[in-house]
Amino acid sequence: MNSILQFKNIQKRFGSIVALNNVTLEVEQGSVLALLGPNGAGKSTLFGCLLGLIFPTSGEVLLREQDVRDSDRRSFGYVPERISLYPQRTVWENGLFFAKLRGHDKHELEKQLKRVGLYNVHDRKVSQLSKGMLQRLGLAIALCGQPKLLVLDEPFNGLDPVLLEQLQNILRAEKERGATLLISTHTISAVENLATHVAILLQGEVAATGAFAELRTRYPEQASLESIYHAIARQSRNAKPEEIAA
Amino acid sequence: MKTALQIACKEFSDRFRSGWVIACTAVWLGAIALTSLFGLIQIGKIGWQGYERTVVSLLNLVQYLVPLLALLLGHDLVVSEREDRTIALSIASGVSRAQLLIGKFIGGCLALAFPVSLGFVIAGVVIGLGAGRSGLASFIVLAFSGLGLGVIFLALGLVVSIFCSTRVQSLVAALLVWCAAVFVFDLVALGVVVSTRTNEATKQIESVTDAMHVNAIADMHQAFESGVDNVPQAKPAATKILFWTLLANPVDLFRVINLPVTTEARVPAPVIPLAFACWIALVLSAGFWRLRRLDL
């Protein structure tokens, strides 16, 4: 397995609450990993550990067998669940600030804004954008510089069907370019045609992980990724995660 | 360093757009001009005072206003971005926590230094044209030490901002820091002197309150007129206590630098920039210690 990213025995506690419990995952280079799980399962916390936002209580995150450094994150693209930008600054100013932090210039930003269809409103203040536009701006910032790893936290939330399709097309293009994608989502149907690998987090533990095709053969009676997810969630109520993953 | 400067530029630009820098310049310039014009109104004099008298009149204003401005500026540098979640995108973009801290600090320093320096320069030129150049050096010392005082309190505000989890908490904590540094510290220091060294207390109080600012009736202008010889001199033991007391509070340090007539407990000139630098380094280290452990 040509893994680009490894989460090794990640545990995160917030006081007495265990958000992540010995999470071990490998992400293949060029794959699209759909990280599924209910609210509070620990998906965003896991992404936080990768992105340097959250310090794991124990365990490590490795990028090509080495600890992830701050400078490595310049080659990551990140779309947070709630896009938070500077509301009194324009689309262009916000984009340029974050693009420059990652070492990219205005031409790259212009290209990505055009790609997501926001260049025509580049002088509009962020406070005047709709949720969909904000989501696209977040995506444009993340896409700057052709990132090797794209991390998207609930990217499909609240999108209308047209925007959803547009986003799926962009993500498909990124996959074809060779980028590795990590997508956490509740909208399981939206990643069904995109994901090459699936990881299911339940109560901070990995309930199942593997290639999507492999999961399909493991659950032949389930027609869709969503039904596979529900089957695994049902099983996990009565069994230990290791037994399911095995 | 490039990343830190990008953050600093954005921070300064945000403050400029918000009107903070302009408002601060206006307030500061007005305060200096009014102090210089009306500083001697109690003795029936109106008009531009020279630099030396302006410095004496400005001491209280600088020691109260500059720390307050700096704390108000610094208290939301980090906590506001945590509340708004914008900090997450910066960190996820490869910005290290040290770069974030330095960038925020430099940006805050620029936003503070711009109005304070501009105020001093404009007022300095006007005073010079109106009242002559005599005592310019003391005015320059006041400007630089005032700026240094502001930078220390900006760093304190930044650290408060890192330690607090909401803007409101941070504002309250910043105001408490201001009260502690400007009022409480000196009261406690005097209380300690009185309670532990009763025999020498009276003379020491005279000495200490002259260098600090608790004694509301201390007439600094009279001291300015009468010179060093008429100022009560402290005993060596009191001097030593006073020396360390002055180093422990940047406001007192600032005051002792600028008093036209000081007590025996002078802080040696080379120690002053060192003390300012130590304060900034210590405070920023505390901020970095906390920031590198903080889940964002």
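How many bridges join strand E1 (residues 3-14) of chain A to strand E4 (residues 58-63) of chain A, and in which sense do the two run? The count is 5 bridges, and the strands run antiparallel. This is a predicted model. Chain B comes to 13 helices and 0 strands, while chain A holds an open sheet of 6 strands.

- Phe7(A) has Val61(A) as its bridge partner in E4(A).
- E4(A) also pairs with strand E5 (residues 66-67) of chain A, in the antiparallel sense and over 2 bridges.
- Leu62(A) is set opposite Asp67(A) of E5(A).
- E4(A) and E5(A) make a hairpin, with 2 residues between them.
- Arg64(A) sits in that turn and has a positive phi of about 45°.

**The open sheet of chain A**
- The strand order is E6-E7-E8-E3-E9-E10 (chain A), and the pairing is mixed.
- Strand E6 (76-79) and strand E10 (205-211) of chain A stand at the edges. Each has a single partner strand, so one side of each lacks a neighbour in the sheet.
- From one strand to the next, the twist averages 15°.
- Inside the sheet, strand E3 (residues 32-36) and strand E9 (residues 197-202) of chain A pair in the parallel sense over 4 bridges.
- Leu33(A) has His197(A) as its bridge partner in E9(A).

**Helices across the sheet**
- Helix H1 (residues 43-51) of chain A lies across E3, E6, strand E7 (149-153), strand E8 (180-185) and E9 of chain A. H1 of chain A runs at about 145° to E7(A).
- Helix H4 (residues 131-143) of chain A lies across E6 and E7 of chain A. Its angle to E6(A) is about 170°.

**Chain B overall**
- Along the sequence, chain B reads α-α-α-α-α-α-α-α-α-α-α-α-α.
- Chain B has 296 residues, of which 44% count as buried.
- Among contacts in chain B with a separation of 6 or more, 81% involve residues 24 or more positions apart.

**Helix H13 of chain B**
- H13(B) has 21 residues and reaches 30 Å from first C-alpha to last. That is close to the 30 Å expected at 1.5 Å a residue.
- The buried residues of H13(B) are Ile272(B), Phe276(B), Trp279(B), Val283(B), Gly287(B) and Leu291(B).
- Why do these residues share a side of H13(B)? They cover an arc of only 100° around the axis, which puts them on the same side.
- An α-helix has 3.6 residues a turn, so residues three or four places apart point the same way.
- Cover for the buried residues of H13(B) includes helix H6 (97-131), helix H7 (136-163) and helix H12 (250-258) of chain B.
- The face turned away from the buried side of H13(B) carries the exposed residues Leu274(B), Ala281(B) and Trp289(B).

**Ala281 of chain B**
- Ala281(B) lies in H13 (residues 271-291) of chain B.
- Ala281(B) has 11 C-beta neighbours inside 10 Å, so it counts as exposed.
- Ala155(B) is 126 residues from Ala281(B) in sequence, yet their C-alpha atoms are 8.9 Å apart in space.

**Where chain B touches chain A**
- 19 residues of chain B contact 22 residues of chain A.
- Helix H1 (2-17) and helix H5 (86-92) of chain B each supply at least two residues of the chain B side.
- H5(B) gives the most to that side, with 6 residues.
- By class, the chain B side has 6 nonpolar, 7 polar and 6 charged residues.

How values were computed:
Residues are numbered from 1 along each chain as its sequence is written. Chains are lettered from A and ligands numbered from 1 in the order in which they are written. This is a predicted model: local features need pLDDT of at least 70, side-chain atom pairs count only at pLDDT 80 or more; totals for chains, interfaces and linings use all residues. A residue is buried if 20 or more other C-beta atoms lie within 10 Å of its own, exposed if 12 or fewer, and partly exposed in between; C-beta atoms are placed from the backbone. Two residues are in contact if their C-beta atoms, placed from the backbone, lie within 7 Å. Ala, Val, Leu, Ile, Met, Phe, Trp, Tyr, Cys and Pro count as nonpolar, Asp, Glu, Lys and Arg as charged, and the others, Gly among them, as polar. Two strands pair if DSSP finds at least two bridges between them. Axes are lines fitted to C-alpha atoms, for helices over the stretch in contact, and angles run from 0 to 180 degrees between N-to-C directions. The expected span of a helix is 1.5 Å times one less than its number of residues. The arc is that of the directions from the helix axis to the C-beta atoms.
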